[in-house]
Amino acid sequence: MTLVPKHADDSCLINQTVPAGVSGSPSEHLDEKSQLPNLSLNHNPNENPNATRDEENRNVHAHAVENAAAAPSSSSSSEAGDDEGGDGDGDLDFPEGGLQAWLVVASSFCCMISVYGIINCTAVFESYFSTHQLAGYDSSTIGWIFSVYLFIVFFFGIQVGPVFDRYGPRWLVAVGSLLVVASQLLLGLCNTYYQILLTYSVLGGLGGALLNVPAYGVIAHFFKARRGFATGVAATAGSIGGVVFPIYLQAVIPKLGFAWSTRIIGFILLFLSAVANLLVRSRLPPSRHKMSVLPDWTLFKDLKFSFCCAGIWFMEWGIFTPLSYIVSYAAAHGQDPTDAYTLLALLNAGSFLGRFLPGFLADRWGRFNVITLTNALCVVTILAFWLPAGDSRALLVAFAVLFGFASGSNLGLYPVCVGQLCGARDYGRFFSTAMMVGSFGTLTSLPIAGALLEIGSTPEQGWLALILFAALSYAIASSCFLGARVLAVSWRVKEVY
């Protein structure tokens, strides 16, 4: 027989047999009707019609109940996969461009000048403090000022990241902007060690921590395939600040003095902060993970993430040693003070292309591939140009430009590498945990370098130890990033990762 809805009970067969509380679409009903057993041309005319209908009803009822029971399980499995499996972005669309997305990149640019523009002036402040307010202190003690600043910027990201994931960037950027501006406005009033430590390191560091995570995080909300390029564009802010601020301080301090020179930097940061607060915004819904101010130690179960964090630690050891001591090295080897400040500007000018170009290439060649190569290039430039430089201005200039290019990608690419290991809605949690690890690298880097500078019977032995420390740190960092890549895609050379 053929099932034709001639009677009311025939036409309502499916609806009558679906249990209460279980809904289904018309397509599902048709699918269930198509699966009714033995309602075909092979019907036995001697078979009792009522018995046949009862059997049909029982079969359809069982089929509907099985589908209803399977649906919640399937939904739960899907949600679990979104939280735990892959990068968690499978159900998300990213603009990858457009006016709003690039305005957000502009806001990140302004935030990064306030953080990395100041970080890239570390050598200027270190040189000035060591010859003026803190002339009676040794290099290792002065180094703690900058290490504590960097430590606070990166370590307190562990509290900032979950807040960003849950509530967005608005209040974080507003409060962080006020703190970094206040730090520069007050720095000129400081004359003692503890005053500089509290104003520059603590106040400025807390402001930098509140700006740093949102500056990277909002880009992850708008870009995925082009995230390396977009982050590289924003990260050029550190290079621009590192070129402009040293040249500005070199020209203005003799005329206006240190106090007004830093106050003017504060007013510049105030303007940039206003722009950042107007343009910054998030796009994705809040993370479903429970907010906590403690590190998420479960993330380290993923060895790729653990290797990536170790690479960040040693990379911090490597990068901040040349950035902090290149001016003092040049001055100690007979360079004119004006030329010594110019070296820092050249280093940051080289890092402009180093931030932009590797980020562009990373989206095509793989983020971990590129950061492994650029860290290895840092080792080569340190050993080939800085180690034998001595009083050769040509070698120092070559080192400043080439190391600037090689190291420019360091602070711009590692956030993108971390983002490759997680979903965009959980980026703050992963990034802040990675920064927490890196913060201990920044905390110890300059005191170790300063202590190495004091060893040996001659100054040259101290500089040799410091330079080798930077090179070895980069070599270990490159190995760690390579290890993360190998865990992900094995030794396949042509694999984009």
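Q: Which helix gives the most to the nonpolar patch?
A: Helix 13, with five residues. Helices are DSSP runs of H or I with at least four residues, numbered from the N terminus. This is a predicted model, where local features need pLDDT of at least 70, side-chain atom pairs count only at pLDDT 80 or more, and totals for chains, interfaces and linings use all residues. Residues are numbered from 1 along each chain as its sequence is written, and side-chain values use heavy atoms, with hydrogens and water left out.

Q: Which residues make the nonpolar surface patch?
A: Ile240, Val244, Phe352, Leu353, Phe356, Leu357, Phe360, Leu377, Val380 and Phe405 make a patch of about 770 Å². A patch takes residues with over 30% relative accessible area and no salt bridge, and nonpolar side chains (Val, Leu, Ile, Met, Phe, Trp, Tyr) are joined within 5 Å. A salt bridge is a side-chain nitrogen of Lys or Arg within 4 Å of a carboxyl oxygen of Asp or Glu. The areas come from the Shrake-Rupley method with a 1.4 Å probe, and for residues only the protein chains shown count as cover.

Q: And where is leucine 377?
A: In helix 14, which runs over 367-386. At 35% relative accessibility, leucine 377 counts as partly exposed, a class between buried (under 20%) and exposed (over 50%).

Q: Now the inside. How many cavities of 30 Å³ or more are there?
A: Two. A cavity is a set of points on a 1 Å grid over the protein atoms alone where a 1.4 Å probe fits but cannot get out, and lining residues have an atom within 4 Å of a point. Points are joined across faces, edges and corners, and a volume is the space filled by probe spheres set on them.

Q: How much space lies in the largest cavity?
A: About 60 Å³. Helix 13 supplies the largest share of its lining, four residues.

Q: What lines the second largest cavity?
A: Ser114, Ile118, Tyr149, Val180, Ser183, Gln184, Tyr200 and Gly204. This cavity holds about 50 Å³ of space. The largest share of its lining, three residues, comes from helix 9.

Methods
1 Å grid on protein atoms, 1.4 Å probe; cavity = no way out; pocket = protein on both sides within 12 Å on 5 of 7 lines; lining within 4 Å. Helix = DSSP H or I, 4+ residues; strand = E, 2+ residues; numbered from the N terminus. Patch = residues over 30% accessible without salt bridge, like charges linked within 9 Å, V, L, I, M, F, W, Y side chains within 5 Å. Buried < 20%, exposed > 50% of the residue type's maximum accessible area, 1.4 Å probe, protein only.
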